[in-house]
Amino acid sequence: MRGIAMLAGFTMLGVFLAPAAQSAQNQATAASVADAAVATWTRDAATAEAARSTKDTSKAKASEGDDAEATAQLLVSRRLIVPVLGVRRASLRDSFAERRGVKAHEAIDIAAPRGTPVVAAHDGRVAKLYRSLAGGLTVYQFDIDARFAYYYAHLDGYTDGLREGTMLKRGDPIGYVGSTGNARPDAPHLHFAIFRLGPDKKWWKGSPINPFPFLNDTAQ
Ligand SMILES: [Zn+2]
C-alpha cells in the first residue's frame, strides 16, 4: 500500500516537474528556492535540536549534581558510624569502585574476626532479613524517612530478637561478622552498602552510594 502511494507520488512529481524542465531558468529558480527552503529548515531544525539538547543536558546535569550534593550533605549530617564494633574509620579501605567479577563492588568490605558484633550505621527500621547466594545472611535497613537502605551482608548470624520491622537506633546490634554467601571462609568481613531507594521503596531496588566518605568513629 505504501509502495503504491510512493510510486504515485513520484509519478505526480514527475508530471509536475516536466514542464519546468522546458525552462532552464525556471528549473534553476525552483531548485534554488527548494534548496534554500531545505537549507533553512535544516538549519532551524539543527539549531532548535542543538538548543534543546544543550538545555536538556545542562538541566539534567544540574539536577543530577544538585541531587548528589543534597544526598551527600544529608548523609554527612546523619553521622553514620562504622557498622562493625571496634573497627576504626582510619582502617577502612575504599573498595566501592573495584570490579568484582562482572560487576562493580558498589559497597565496602570491613574485615573483622568472625563473631564481631555488627551494629546499625544509623537509625531506621529493618525492612528485610534475607538470605541470598551472594550476600548470605543479610539485613536491609531503611533509614528514618525511607530515603536510603543500608545493606549488611555475609553475617554469621542475626542478633537474637531481630525481626523485620524492628526499629533500630544507631549502634544497636543486628548480627555478627561472618562469611556466609560468596565471602571466602578464611576472610570474614561485613559487606556494607548504601542504596538510595526509588519512589516505590522496594528493598531490593536502589542506586548505590559509596558509604566510604560517610562513616565515622563511634565516639564522635
Ligand atoms: Zn563486598
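Two strands are taken to pair if DSSP finds at least two bridges between them. The strands themselves, like the helices, are DSSP runs numbered from the N terminus, with helices being H or I of at least four residues and strands E of at least two. The model looked at here is predicted, so to speak of local features a pLDDT of at least 70 is needed, and side-chain atom pairs count only at pLDDT 80 or more, while totals for chains, interfaces and linings use all residues. Residue numbers start from 1 along each chain, following its sequence as written.

With that settled, the overall make-up comes out as 2 helices and 14 strands. The chain has 220 residues, and 25% of them count as buried; buried means 20 or more other C-beta atoms within 10 Å of a residue's own, exposed means 12 or fewer, partly exposed is in between, and the C-beta atoms are placed from the backbone. Contacts are scored when two such backbone-placed C-beta atoms lie within 7 Å. Among contacts with a separation of 6 or more, 63% link residues 24 or more positions apart.

Strands of a sheet pair through backbone hydrogen bonds, either parallel or antiparallel. On one side, β9 is joined to β11 (residues 173-176) by 2 bridges: G157 sits opposite Y176, and Y158 has G175 as its bridge partner. On the other, 3 bridges tie β5 to β11, and G175 turns up again, as the bridge partner of V118.

Also in β5 is P117, which counts as partly exposed because it has 17 C-beta neighbours inside 10 Å. Setting aside neighbours within four places in sequence, P117 contacts L85, P173 and Y176. P117 and L85 are 32 residues apart along the chain, yet their C-alpha atoms are separated by 5.6 Å.

What about the interior? A nonpolar core is a set of buried Ala, Val, Leu, Ile, Met, Phe, Trp, Tyr and Cys residues joined through C-beta atoms within 7 Å. The largest one has 38 residues, of which V84, I110, V118, Y151, Y152, L190 and F192 touch the most other members. Several strands supply at least two residues each, including β1 (80-81), β4 (108-111), β6 (124-132) and β12 (189-197), but β8 gives the most, with 7 residues. L190, in β12, is buried because it has 26 C-beta neighbours inside 10 Å. Residues up to four places away aside, L190 touches P83, V84, I110, A112, V118, Y152, H154 and V177.

Most residues other than glycine have a negative phi. E106, though not a glycine, has a positive phi of about 55°; it is found in the loop between β3 (103-104) and β4 and is buried, with 20 other C-beta atoms within 10 Å. A146 also has a positive phi, near 50°. A146 lies in the loop between β7 and β8, and is partly exposed, with 13 other C-beta atoms within 10 Å.
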